[in-house]
Amino acid sequence: MMSPRPISEDRHPIYSRQTPLRIIHVTANFMRIWSIYSMYHYLSQSESSVVLFIFSCLVPSSIIFLSLQKPWKGRPLSNTQVIPAMINGAITALYFILWVKGVKSCGPLRAILAEYSGAVLGVLSAVLYGRRGHVWKKVGGLVAMLASLYFLSQGWAMSTYSPFSFRDDLKSEETKEKVLGMKEMAVPMIAGILSAFRRVIARRVSIKNQLKRRLHAITIASATCFMFPVAMWDAILGTPIDGSKEFPVQLWPYISTILFGVILIFYIENIAEERLHMVFSSPRHLMVAGGCIIFLEILYKMDFSLAGFIICCAILGFGIYEATSLERSRRDSHQTPDLSEGPFDDPIQMSSLPT
């Protein structure tokens, strides 16, 4: 008789404590996606170099991370931690370059959804660690993800080309250039895989949260150093910036990318993983991003088809769900953690090849 009541009383405080964190997570993701739209409109309307843009954003970001975390203070970091963090910086630099190029060429909507292609690492984990049944489920998820990205490349999320908008009169020769192929979509897809891979390296190197933040500061500083010669080469031999095109809020794409696209989103994603158990490549994270994209597509008056976008997101979410099934089952089987592991250990971070 008395058992149902204590259960509800125990669960209610947990949900009440998680509600502010969920609001913060949604708000931070909205600000990050808003910065992507601002960056896209700035880069598409100007002749600014992609490499110079992201390099000018990483320089102040690395300074802020280093000043906040101070990796040179406290317990000294070992070479087995610093060296992988510096290697991760090279991967991060390549990710940012490909990511911004993908945003400029494919648009924010398709680039943001293509970033979830990092869930293909779940297929690799099934091949290396899983059973045959898990492999086939993950291959099916991979096929669903590729189908969704193919539909996005064909313009299903745009009212001009979506088969669900019934607006054939808008299909003119001037707008056909918006339809992309998988070759163009490959750039943000590779960036998404690199993004997932750098998260895997960060989790492997550091388990404790404070140590992860110190190593992330080294990673961003290392990425800035790796990008420096590329940015200088692009500044010398690249296309010069057209000074005749002026924008009233020219600093906003830089400021928003630095604050929301690089700095704030790192801390928020850490909170989401530790407190909400929500990793980046997950259907719940995709749902949050999808709601933000719908609002911003309507706000910026983009060529947007709500029905086509929801269908593509549903297929992509199903593919991610199947691709990460092995990691979910392992987390469920380890819901009772060993107290001897310490208060900083996280079952999500210890899974094999997490996405």
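Predicted model: local features only at pLDDT ≥ 70, side-chain atom pairs only at ≥ 80, totals over all residues.
**Exercise 1. Packing of H3 and H8**

Describe how helix H3 packs with helix H8: what are the angle, the axis distance and the handedness?

*Solution.* 
- Locate the helices. H3 covers residues 79-106 and H8 covers residues 209-237.
- Read off the geometry. The angle is about 55 degrees, and the axes are 7 Å apart.
- Classify the angle. Roughly parallel needs under 35 degrees, and roughly perpendicular runs from 65 to 115. H3 is therefore oblique to H8.
- Assign the hand. The crossing of H3 with H8 is right-handed.
- List the contact. H3 supplies Gln-81, Val-82, Ala-85, Met-86, Asn-88, Gly-89, Ala-90, Thr-92, Ala-93, Phe-96 and Ile-97. H8 supplies Leu-211, Leu-215, Ile-218, Thr-219, Ile-220, Ser-222, Ala-223, Phe-226 and Met-227.
- Sort these residues by type. The contact of H3 with H8 has 14 nonpolar residues, six polar and no charged.

**Exercise 2. The setting of Thr-257**

Is Thr-257 buried or exposed, and which residues does Thr-257 touch?

*Solution.* 
- Thr-257 sits in helix H9, residues 252-274.
- Check its accessibility. The relative accessible area is 7%, so Thr-257 is buried.
- Find its partners, leaving out residues up to four places away in sequence. Thr-257 touches Ser-35, Met-39, Phe-53, Cys-57 and Val-262.

**Exercise 3. Positive phi**

Where do Lys-70 and His-277 lie, and what are their phi values?

*Solution.* 
- Recall the background. Most residues other than glycine have a negative phi.
- Take Lys-70. Its phi is near 50 degrees, a positive value in a non-glycine residue. Lys-70 lies in the loop between helix H2 (50-69) and H3.
- Take His-277. Its phi is also positive, at about 55 degrees, and His-277 is not a glycine. His-277 lies in the loop between H9 and helix H10 (283-299).
- Lys-70 has a relative accessible area of 32%, so Lys-70 is partly exposed. His-277 has 44%, so His-277 is partly exposed.

Terms used. Residues numbered from 1 in each chain as written. Heavy atoms only, no water. Axes fitted to C-alpha atoms, helices over the stretch in contact; angles between N-to-C directions. Helix = DSSP H or I, 4+ residues; strand = E, 2+ residues; numbered from the N terminus. Parallel < 35°, antiparallel > 145°, perpendicular 65-115°, else oblique. Left-handed = near helix turned anticlockwise from the far one by under 90°. Contact = heavy atoms within 4.5 Å. Nonpolar A, V, L, I, M, F, W, Y, C, P; charged D, E, K, R; others polar. Buried < 20%, exposed > 50% of the residue type's maximum accessible area, 1.4 Å probe, protein only.
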